[in-house]
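Open the model in your viewer and keep the selection tool at hand.

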Amino acid sequence: MYWEKLSHDEITSQIDAALGNNMSYKTKKILGVPASYLDEEQFYDDAPFLEDSPFLKTLIANPNHIGCHTLNEDSEPFFKGTQKIEVELVKLCAEEILGGEQDAQDGYVAPGGTEANIQALWIYRNYFIKEHNANIDEIAVVYSEDSHYSMPKGANILNVSSIVLKVDDSTRMILESDLKHRITQARDEGVKYFILVMNMSTTMFGSVDDIVRVTDYFENNNLNYKAHIDGAFGGFIYPFTNDKSSYTFQNERISSFTLDGHKMLQTPYGTGIFIIRKGFMEFALTEEASYVQGKDYTICGSRSGANAISIWMILKTHGSDGLKVKMRNLSDKSKALCKKFDKIGVEYYHNPHINIITIRGKYISPQLAKKYSLVPDVHSKTPNWYKIVVMDHVKQGVLDNFIIDLKSSLTTD
Ligand SMILES: *Cc1c(COP(=O)(O)O)cnc(C)c1O
């Protein structure tokens, strides 16, 4: 994994050049599109701070990145300058962060991890229908009970069934017995095609599914499956903290990934990323999108080019080395906190490559949870777990105070 860090000036001049290759609503005769620059009353483009702010400049110029630009060169010509930055961004994520071969992946910047996950389910559902003549009730989505709710949401929208696998209460790993039992049962009921979603960090625990073991089961039983990786949380930390990750495109069992800039990269909301091996995006083609040059392959349709710019800018601001340092600092800080929990006998779950620590509920009083804004696993009844996410704003002093308060609450109870 390697890419250069760029200075603010270098970033600004590259974005300026990209905007220069877009058609400007200000200078070109653009009569046919139902769009313009942002309303000038509020978003005037001669504000002095814009000169130095490539993201805001792009936001106001308002380029539309509708469609999938890694697929065809002939997509919407109006905004080809900033769309090229998006292509470069997808390439960087696919090849440098996720170890893909050169020009072997497609992808786009989605509104978030939810859409990217549903995009994957949509593509594989259509793939099984088109390539294997599958019936809708012969397809199921398989994921652990710790998976994000975008999986049941997607299965519901796409009208396919879900197989939700139980995990071990302490290790948070999928139970082999439940995997065997549930898949055998599904096969008996006529399910022949499996869309497997593996977590490169779950939202609540930071657990990373045991992908080798789970996919071994599908391989050894000659099951017809496609594997998607939900890296909405972990995608911008795990590859930087674990050199030996099996979550890369070098793993042939993996077909696609979801990443989210707006979690660990601290980019604005609207910066999910969907990346898939070439040859699959076509299963999401909407032929009827005839007014869009280059057609549409995404769920969302119109989307702001400024979002892609923001992710590209953050990746280039830090460079791969900078992000490695930043992400390793967060996982190290989490490990140090775990050591303090060990000392005072507080039980927790922590994956050493991730910055989430999930503490057993019995150690946390409601007052303490409120004071430090800890997030529970359930809001409706007594929580079993509370999590701490060691983000950039979580300073050591606050963690130290938390430990002091936790210690005293445990001795007074
Ligand atoms: C946050 C998250 C999502 C959903 O992402 P949004 O950007 O909120 O749509 C999906 N999966 C995991 C593991 C997440 O942490």
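Start by selecting cysteine 68. Its sulfur is 11 Å from the closest cysteine sulfur, the one in cysteine 300, which is too far for a bond. Bear in mind that this is a predicted model. Cysteine 68 is buried, at a relative accessible area of 1%.

Next, select cysteine 93. Cysteine 93 takes part in no disulfide; the nearest cysteine sulfur belongs to cysteine 68 and is 14 Å away. Cysteine 93 is buried too, with a relative accessible area of 0%. How many disulfides does the count come to? The count is 0.

Now turn to the rings. The whole structure holds 21 aromatic pairs. Select phenylalanine 205 and tyrosine 349. Their ring centres are 6.2 Å apart and their planes stand at 85°, so this pair is edge-to-face. Phenylalanine 205 sits in the loop between strand 4 (193-199) and helix 7 (211-220), and tyrosine 349 in strand 8 (residues 348-350), so the pair ties together parts 144 residues apart in sequence. Are these two buried or exposed? Phenylalanine 205 is buried, with a relative accessible area of 3%. Tyrosine 349 is buried as well, at 10%.

Move to tyrosine 372 and phenylalanine 402. Here the ring centres are 5.1 Å apart and the planes are at 75°, so the pair is edge-to-face. This pair also links distant parts of the chain, 30 residues apart: tyrosine 372 is in the loop between helix 11 (366-371) and strand 10 (375-376), and phenylalanine 402 is in helix 12 (residues 396-412). Both tyrosine 372 and phenylalanine 402 are buried.

One more ring selection: Tyr124, Tyr127, Phe128, Tyr193, Phe280 and Phe283. Ring pairs link these residues into a cluster.

Finish at the ligand. Select its surroundings: 14 residues, of which the closest are Thr114, Asp230, Asp260, His262 and Lys263. By class, this shell has 9 polar, 3 charged and 2 nonpolar residues.

A backbone N or O atom of glycine 113 lies 2.9 Å from one oxygen atom. A side-chain N or O atom of threonine 203 is 2.9 Å from an oxygen atom of the ligand. For aspartate 260, a polar side-chain atom lies 2.7 Å from a ligand oxygen. Taken alone, the ligand exposes 380 Å², and the protein buries 86% of that.

Last, colour helix 4 (113-132) and helix 9 (261-265), the elements that give two or more residues to the shell. Helix 4 supplies the largest share, 3 residues.

Key
Residues numbered from 1 in each chain as written. Predicted model: local features only at pLDDT ≥ 70, side-chain atom pairs only at ≥ 80, totals over all residues. Heavy atoms only, no water. Near = heavy atom within 4 Å. Polar contact = N/O pair within 3.5 Å; in protein donor to acceptor, adjacent residues only side chain to side chain. Areas by Shrake-Rupley, 256 points an atom, 1.4 Å probe, with all protein chains shown as cover. Helix = DSSP H or I, 4+ residues; strand = E, 2+ residues; numbered from the N terminus. Nonpolar A, V, L, I, M, F, W, Y, C, P; charged D, E, K, R; others polar. Disulfide = S-S within 2.5 Å. Buried < 20%, exposed > 50% of the residue type's maximum accessible area, 1.4 Å probe, protein only. Phe/Tyr/Trp six-rings, centres within 6.5 Å; stacked < 30°, edge-to-face > 60°.
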